[in-house]
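Subject: Structure handover

Hello,

Here is the structure for your files. My notes follow below it.

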Amino acid sequence: MRIALFATCLADALFPECATATVRLLERLGHEVVFPPKQTCCGQMHVNTGYQAEALPLVRHHVEAFESGPSWDVAVAPSGSCVGSVRHQHAMVARRYGDESLASRAEEIASRTYELSELLVDVLGVTDVGAYYPHRVTYHPTCHSLRMLRVADKPLQLLRAVRGMTLIELPAAESCCGFGGTFALKNSETSTAMLADKMGNVLSTGAEVCSAGDSSCLMHIGGGLSRLRSGVRTVHLAEILASTEKIGSPA
Amino acid sequence: MTTFLGTPTFQAGAGNIRGTESFPDAARKSLADTQLRANLGAATTTIRNKRIAAVAEVDDWEDLRRAGSALKADVMARLPELLVQFEENVTARGGAVHWARDAEEANRVVTDLVRATGSDEVVKVKSMATQETGLNEHLEENGIAAIETDLAELIVQLGEDKPSHILVPAIHRNRAEIREIFLKAMPGIDPDITDDPRALAMAARAHLRRKFLSAKVAVSGANFGVAETGTLAVVESEGNGRMCLTLPDTLITLMGIEKLVPSFTDLEVFMQLLPRSSTAERMNPYTSMWTGVHPGDGPQNFHVVLLDNGRTNVLADDVGRSALHCIRCSACLNVCPVYERAGGHAYGSVYPGPIGAILSPQLTGTTGHDDPNASLPYASTLCGACFDACPVRIDIPGILVHLRAEQVDSERRGLPGGQDLAMKAAGFVMGSEKRFAAVETVSKVGRVLGGKKGRITSLPYPASKWTASRDLPAPPKETFRQWWARTHEDTTR
């Protein structure tokens, strides 16, 4: 299958290892990955902060980026919230400004855009991706994956098939970590209180690694764990699934 | 559609639905109260888990939620005609209907009705509408004592405190604190009383019995009003409501205009949705319904005051109006991670939590970004737990995003603030892959901030709001875009 990667602006600029892992994983599974070069950002931050007029050009840019460039069967992003934005906000923003044609083009792209665990389990039909990751891992199911995309336990199905890994259940897993985009700045004290509880639960598992399907949530949780000098690392789901027994530098 | 109800076009809601400071400022204070956070965390966790179990027992829960949502949408679509029908049926059965545009008018009507009875004391059934209008304070200013008979409301009243939860107004208090409040404010209480819940409940019961038997007037709210029969319904747990609704000679009910249901059989849907969502019970212990006046049985004088107080404004917004579907179960409060940490008082309104964050600013309207209620739509991470818990499927995250956009758009004519400039700059950069790639390259100088560990621990304002408690990773040596160009260049066409 020809899969277009929507790397997301955050992974492109700050967490490239999450996007490169997605490419390596999909190529290992025998698929061709293409990268529509015009892509930038889905505009979620703008929509969620109230700047829909500023989001409109980003929606248009995203649609044009995925319409132009190499052809593709399905698109994937290693982020529940960015896929949530493409799926649930792009057409809404276009319609708010009366651009019905952009809305339907956005809907067409959204209908073929998947979050990584959705793509693997629902579209490609694999739960065992042949990964090897000899660590104790706990998994935080991010809010937008869980409640906007309804990915349910797909990430856990994938993780349970990883060889060498001990998966430890995270207490109060479905509670928000307190990131919430600009919420983390606008309501920084409340955000920090939520993070403190999330970190307490992560540390209570004794895991070495806290994983999730969203770099943004991991940036929040990881930022807190780093400040605590806890020694617990945050690793994106894609990186775990891309790891294999083969020694040597990937890519 | 038209939503003209015979009142002027814009009637902003007033009363206890706007705080004095923004949510972040108010939350800062409650976050510092470790006892409050412990009380709230324990209580919401308990009730959250109980609700999940109670809901799981119902096979057709999703169908019920959709039925409740559809019924409420129907009510909103034809509210004017249903209100008129309701008024006709209440009047035909011997009740009197009064219309109140806002909190002040509602308080004046109720106070005049109590005055006309010659009584200087009323017993009260727990009611959000009277909390909203500040009726107790108004009655007190006019020499009439209003006695709350719901146990938690009584705790709040005796403690000269404010409610912090729709269903459990004293959720922020533990039993040791309640004992202190009773000892200080309850006349004739045993000075050796313990903080055993039963002992505290019995003391409140003895105190309230005296009031039930002496009061000539009761004031209630209503959970539902039935348009086709003029029936009112109150759903409660303690039985205090039933005492108030049956013993006094005069009963005055203050009801928000959105509380209507079209027909009596519609109650079957809500009577299944409400108890499981609010108290996690299969059925609430007391459901009282009354229709008009019956000689020799119950109150002989019965009044309904229909309260607008900004509700027609909410109705006029086709996205925001579903906030009026709310049946005040408080399930969204109990699952909200922001409410759990910040507490109900941080919302400034008698409607806290996720529903308050969308309802209060719509009821009052907002006067600009300095309006405390303008901060409420931002008091959420949009995690979506509230929508999943809502028994009538109010899309709270969707309405929050909508209200944020309305807020930003309403301020566009003024000078742009820091956030406006940041969002415009980010939009400009992200609007072109070339500009984005250029900024990515420049941002790599941030690697020096990260030092050897690649961890940024301190940044200037406003990024300091992040680094106060969280590190930030330093930008990587190579962006994804660069990696792709290096490894896949020949395949990018």
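A residue counts as buried under 20% relative accessible area, as exposed over 50% and as partly exposed in between, with a 1.4 Å probe and protein chains only. By that cut-off Cys176(A) is buried, at 6% relative accessibility.

Conventions first. This is a predicted model, in which local features need pLDDT of at least 70, side-chain atom pairs count only at pLDDT 80 or more, and totals for chains, interfaces and linings use all residues. Residues are numbered from 1 along each chain as its sequence is written, chains are lettered from A and ligands numbered from 1 in the order in which they are written, and side-chain values use heavy atoms, without hydrogens and water.

**Cysteines**

Over all chains there are zero disulfides (a disulfide is a pair of cysteine sulfur atoms within 2.5 Å). Cys383(B) is buried, with a relative accessible area of 8%.

**Chain A**

Chain A has 14 helices and eight strands. These are DSSP runs, numbered from the N terminus: helices are H or I with at least four residues, strands E with at least two. The radius of gyration of chain A is 18 Å, close to the 18 Å of the globule rule for 251 residues, so chain A is as compact as a globular protein of that length. That radius is taken over C-alpha atoms, and the rule is 2.2 Å times the number of residues to the power 0.38. The C-alpha atoms fill a box of roughly 50 × 45 × 30 Å along the principal axes. Of the 251 residues, 61% are buried. Contact means heavy atoms within 4.5 Å. Among contacts in chain A between residues at least 6 apart in sequence, 81% join residues at least 24 apart.

**Chain B**

Chain B holds 23 helices and 12 strands. The C-alpha trace of chain B spans about 90 × 60 × 50 Å along its principal axes. Buried residues make up 57% of the 493. For contacts in chain B with a separation of 6 or more, residues 24 or more positions apart account for 75%.

Best regards
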